[in-house]
Amino acid sequence: MGPTEQQVTDTGTAGVIARPPLLFLAALLLGFVSDRLLPLSFPVPTIDLVRWIIAGSLILIGLTLFAAGIRNFSQARTPVPTNEPTRALVTTGTHGWTRNPIYLGMFLVYGGIGIAVRSPSILILTLPLAIAIRYGVVAREEAYLERRFGDTYRDYKARVRRWV
């Protein structure tokens, strides 16, 4: 068994602040509510075709990254939910060029939705969402994976960037 398939049996978890899909959903809902309560104009792009091409491309690329990341986890027989213990360190496929393809995919879908619905609030909330994901989820997961996989994870972390 190679280092990318190293298996472990302990049951710890990363202890993230919340499940990431819930954070993205909360930001979307907060953005929609904010748009209703405090409407702001959406400055760019004004040409509908351009907006739909940009939004559609972001969503499509995001869904592709998300699905590829899920597939990698499934092939390694390790759970995706952050509240379950990781069984294997996934370092191949999309995880070979970004350590967080699932979250990156979620961000692209989130941004695409914000552009598609012309929501300044959703786009503005990208920054606090990114901070919450970075420090409340990713940092905790990285510390957990380093404890769990030691040098194997440190080597992976040294050669593959966090986002792109």
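A salt bridge is taken here as a side-chain nitrogen of Lys or Arg within 4 Å of a carboxyl oxygen of Asp or Glu. The model examined is predicted. Lys157 and Glu146 meet this criterion through their side chains, at 3.6 Å from N to O. Their pairing links distant parts of the chain. Lys157 belongs to helix H6 (residues 151-159), Glu146 to helix H5 (residues 126-149), and eleven residues separate them. Lys157 counts as partly exposed, because its relative accessibility is 31%. Glu146 is also partly exposed, with a relative accessible area of 26%.

Glu146 has a further partner. Its side chain forms a salt bridge with that of Arg154, at 3.2 Å from N to O. Arg154 is partly exposed, at a relative accessible area of 35%. Arg154 in turn meets Asp151 in a salt bridge of 2.8 Å, N to O. Asp151 and Arg154 both lie in helix H6. They are three residues apart, about one turn of the helix. An α-helix has 3.6 residues a turn, so residues three or four places apart point the same way. Asp151 counts as exposed, since its relative accessibility of 53% is over the 50% cut-off. Through shared partners, the salt bridges join Glu146, Asp151, Arg154 and Lys157 into one network. Side chains of opposite charge can pair when their charged atoms come close. The search of the whole structure returned six salt bridges.

Helix H1 was examined next. H1 covers residues 20-37. At 1.5 Å a residue, its 18 residues should span 26 Å. The buried residues of H1 are Pro20, Leu23, Phe24, Ala27, Leu28, Gly31 and Asp35. Seen down the axis of H1, these residues fall within an arc of 135°, so they line one face of the helix. Their cover includes helix H3 (101-116), helix H4 (120-124) and H5. The face of H1 turned away from the buried side carries the exposed residues Leu22, Arg36 and Leu37.

Gly31 illustrates the buried side. Gly31 lies in H1 and has a relative accessible area of 0%, so it counts as buried. Neighbours within four places in sequence were set aside. Beyond them, Gly31 is in contact with Ser119, Ser121, Ile122 and Leu125. Val16 stands 15 residues from Gly31 along the chain, and 23 Å separates their C-alpha atoms.

A nonpolar patch was found on the surface. Its members are Leu22, Leu25, Leu29, Phe32 and Val117. Together they have about 450 Å² of accessible area. Phe32 is found in H1. Phe32 is partly exposed, with a relative accessible area of 35%. Leu22, another patch member, is among the exposed residues on the face of H1 turned away from its buried side.

Conventions:
Residues are numbered from 1 along each chain as its sequence is written. This is a predicted model: local features need pLDDT of at least 70, side-chain atom pairs count only at pLDDT 80 or more; totals for chains, interfaces and linings use all residues. Side-chain values use heavy atoms; hydrogens and water are left out. Patches are made of residues with over 30% relative accessible area and no salt bridge: like charges are joined within 9 Å, nonpolar side chains (Val, Leu, Ile, Met, Phe, Trp, Tyr) within 5 Å. Accessible areas come from the Shrake-Rupley method with a 1.4 Å probe; for residues, only the protein chains shown count as cover. Helices (H or I, at least four residues) and strands (E, at least two) are DSSP runs, numbered from the N terminus. Buried means under 20% relative accessible area, exposed over 50%, partly exposed in between (1.4 Å probe, protein chains only). Contact means heavy atoms within 4.5 Å. The expected span of a helix is 1.5 Å times one less than its number of residues. The arc is that of the directions from the helix axis to the C-beta atoms.
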